[in-house]
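Here is a short walk through one structure. Keep the sequence and the 3D view open as you read.

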Amino acid sequence: MDPILFGLLISDGSVTLRERNRGKVSFSNKQEILHQIFLEKIRQLASELEIQPKIRTRTHKNGVKEIIVENSKIARSLLNEANSFRTRACTHHPICPILKGKNIESSKEKEHIIVNGTPFHVIKIPSNILEKEEHICEMLRALCSGDGQVKLSPTIVNNSLALTRRIIIGCVHPQLRKDIISCFLKIGIVAKEGKDRIIIEGKDNLKKFFEKVGFIDGCKVLNGLWKGFDKNKVLEVLINSFGLNFKDFHTKIELINFLRSLMESKAPVAGLVCPR
């Protein structure tokens, strides 16, 4: 399976195959660049399968755009390789059809694991992705572009200014969370498991994330302190902020404004020094 398509689907996608051979693949996100890449990858897969699927889009009230691909052959091809793409618990809305006593076409969707009494679909990272570091990085980059965020925020530690620096990746599926952490470890990045999330912190781990993974170019921060900036630009400033001397700043606002000026600059950021 294409590693980028897999990463997009486990972040913001779904694949279903129901009775009467009805298949549907969908992708919902606010990032236009991810929609473009998703469509490109779906069309590549359709070409390989020699089919022309029905594709439509709709925009929800919250502004999230959804791409819907209706084709059983595409859905079956994807499920055959990954087993499922449902990351939420089976008891979460929409409730898994098998728990409601409905028939489903794909026997693979019937496979579950139970974690703390809660059922989840089994999700398998395709073997072709795990075999090459390049594919692992592509998959992680796509996943992080959808579900990842850069945490770069001024704080006070022992009455002195400091920065909280970390990458946070949302992931509610307990086994997939562990598998993703294992993928990071395969490329030399130590990630930690949090509640419904994966956390990467520490200078060495963050630098390796910057060099090997990062985000798909054009993905924006959608909320918070750095809303509107490219995720990769915020990440670049985060990495170079390890060279800052916080004694050069008197307040959080002063530090925030300095970091913001760097993000607004089109020039590469390197060797940060406060301009005093």
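**Rings, a pocket and a loop**

Phe 184, Phe 209 and Phe 215 form one aromatic cluster. The model is a predicted one. Across the whole structure, a search finds five aromatic pairs.

A pair of aromatic rings is described by two things: the distance of the centres and the angle of the planes. Take Phe 209 and Phe 215. Their ring centres are 5.7 Å apart, and their planes stand at 65 degrees. This pair is edge-to-face. Are these two residues buried or exposed? Phe 209 has 0% relative accessibility, so it counts as buried. Phe 215 has 3%, so Phe 215 counts as buried too.

Now turn to Phe 249 and Phe 258. Their ring centres lie 5.4 Å apart. The planes meet at 45 degrees, so this pair is tilted. Phe 249 is buried, and Phe 258 is buried as well.

Which residue places its charged end over the ring of Phe 242? It is Arg 165, and the charged end sits 4.1 Å from the ring centre.

Next comes empty space. Rolling a probe the size of a water molecule over the atoms shows where such space is left. The second largest pocket holds about 640 Å³. Its lining is made of 27 residues. Nearest the centre of this pocket lie Gly 146, Gly 148, Leu 222, Asn 223 and Lys 231. Which of them gives the most? Strand E7 does, with six residues. What is the lining like by class? It has twelve polar, eight nonpolar and seven charged residues.

Strand E2 leads on to a loop. Asn 21 lies in the loop between strand E1 (13-18) and strand E2. The relative accessibility of Asn 21 is 39%, so this residue counts as partly exposed. Buried would mean under 20%, and exposed over 50%.

What does Asn 21 touch, leaving aside its neighbours within four places in sequence? Asn 21 is in contact with Ser 72 and Arg 76. Look also at Asn 71. Along the chain, Asn 21 and Asn 71 are 50 residues apart.

Note on methods:
Residues numbered from 1 in each chain as written. Predicted model: local features only at pLDDT ≥ 70, side-chain atom pairs only at ≥ 80, totals over all residues. Heavy atoms only, no water. 1 Å grid on protein atoms, 1.4 Å probe; cavity = no way out; pocket = protein on both sides within 12 Å on 5 of 7 lines; lining within 4 Å. Points joined across faces, edges and corners; volume = space filled by probe spheres on them. Helix = DSSP H or I, 4+ residues; strand = E, 2+ residues; numbered from the N terminus. Nonpolar A, V, L, I, M, F, W, Y, C, P; charged D, E, K, R; others polar. Phe/Tyr/Trp six-rings, centres within 6.5 Å; stacked < 30°, edge-to-face > 60°. Buried < 20%, exposed > 50% of the residue type's maximum accessible area, 1.4 Å probe, protein only. Lys NZ or Arg CZ within 6 Å of the ring centre and 35° of its normal. Contact = heavy atoms within 4.5 Å.
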